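Subject: Structure handover

Hello,

Here is the structure I promised to pass on. Please have it open as you read; my notes follow below.

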Amino acid sequence: MQSKNVFYFLYKKLITLYPKRFKEQFSESMLQTFNDLYKENQNTNQSSFKFITWTFFETTIGIIQEHLLYGGIMQTIKRFGLSALISFLLILPFAVMEIVNRRNYNEDFPFALFSFLWFNLFTVTLILLPIALNKWIKQNNTKSNLEQKQTLLTNPKSSLIISAMLILFITVPSLLSFIGLIPSETSGESIFVFGIQVPSIFIAFVFYLFPIMAAYIASTPIVRTLQSGGSLFAHPIHLVIVVVISFLFTAGTISFIIDQLPCFMGVQFCD
Amino acid sequence: MGAGTLYGSLKRMLDSGLVKESDKRVDPKMDDERRIYYQITAKGKKALEAELERYKHIVSVAKERKLFPNTYAI
């Protein structure tokens, strides 16, 4: 009886390693099943060692599977992977045009230009794709009605505050620079991002990430609401942030493509 | 099948709407109030039918090609 209590205690501890939602839904049933199977095993006088080893091993595999295949990690990888693929497919026609039309000019393939294009489209897709997918899923009546645990990023209030802070962090210096309160030196190789002069390309990239992160964080409660069957307009301020930032990035990308179109079409000295 | 596999599969079936929790109690004498019963849904029945149809097709292909151990083609 003593050993049963020890195994029961250890099994209870093992189950706590499941993802939160899974644990809340099934931990009690799993413990009950463990109890029943243990009793059954004792009654049939079979080896307890074999039963315990197998049960603990099998449950550990289940925990890893839940985390990797069906938990947040896999969803994030899928979300990033799908966005990366879609943006790659969107820039592919321009890359093909560039290769076909400019092969006679003995110029290297403009990897930097296409990386920039890909990254812009990737960020827009990353922000909008989950909203679009969940809206579509909802319309097809396969919504999940399970209760979802709120985190700092999924809680509408905290995500809005974080998102607003990220936007302010970039818009305030940008506005100050625009009205001339932050002096800028135009000599040398200046790097400007959103009108702010920065000393290195790395800092420029970090600055560039701020509005992307703001839109991504603002989109999280919208996605969560759609997943639980709610309306797209349940968080209007979040939606405005997402739409405005996505629009700015899309418009920037389109104007960049239009600007570079002569190069894609094979015009020499197009830059 | 252990509890890890069982409840993992159950979760996915619940998420997909193939099964749902049931209020029906089988035998009150055997019942434990903590016990949760599940029942197949209409969507689950359709999925089961489709899966059985798939198995039937596989078996018919295996029969056609004489893949059963005692019917190997010579």
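Start with one helix pair. α7(A) and α8(A) pack at an angle of about 140 degrees, and their axes lie 8 Å apart. Axes here are lines fitted to C-alpha atoms, for helices over the stretch in contact, and angles run from 0 to 180 degrees between N-to-C directions. The two helices are therefore oblique to each other (under 35 degrees is roughly parallel, over 145 roughly antiparallel, 65 to 115 roughly perpendicular, and the rest oblique).

Which residues make the contact? From α7(A) come A:Pro211, A:Ala214, A:Ala215, A:Ala218, A:Ser219, A:Pro221 and A:Ile222. α8(A) supplies A:His238, A:Leu239, A:Ile241, A:Val242, A:Ile245 and A:Ser246. Contact means that C-beta atoms, placed from the backbone, lie within 7 Å. By class, this contact has 10 nonpolar, three polar and no charged residues. Ala, Val, Leu, Ile, Met, Phe, Trp, Tyr, Cys and Pro count as nonpolar, Asp, Glu, Lys and Arg as charged, and the others, Gly among them, as polar.

A note on the source. This is a predicted model: local features need pLDDT of at least 70, side-chain atom pairs count only at pLDDT 80 or more, and totals for chains, interfaces and linings use all residues. Residues are numbered from 1 along each chain as its sequence is written, while chains are lettered from A and ligands numbered from 1 in the order in which they are written.

Now the cores. The largest nonpolar core has 20 residues, and A:Ala214, A:Ala215 and A:Val242 have the most contacts inside it. Two or more residues each come from α5 (111–139), α7 (201–227) and α8 (236–264) of chain A. The largest share, eight residues, is from α7(A). A core is a set of buried Ala, Val, Leu, Ile, Met, Phe, Trp, Tyr and Cys residues joined through C-beta atoms within 7 Å; buried means 20 or more other C-beta atoms within 10 Å of the residue's own. Another core, of nine residues, lies apart from it and includes A:Ile15, A:Met30, A:Ile63 and B:Ala3.

Chain A overall: eight helices and two strands. Helices (H or I, at least four residues) and strands (E, at least two) are DSSP runs, numbered from the N terminus. Of its 271 residues, 20% count as buried.

Last, the interface. 10 residues of chain B are in contact with 18 of chain A. On the chain B side, they divide into three nonpolar, four polar and three charged.

Best wishes

Methods
Two residues are in contact if their C-beta atoms, placed from the backbone, lie within 7 Å. A residue is buried if 20 or more other C-beta atoms lie within 10 Å of its own, exposed if 12 or fewer, and partly exposed in between; C-beta atoms are placed from the backbone.
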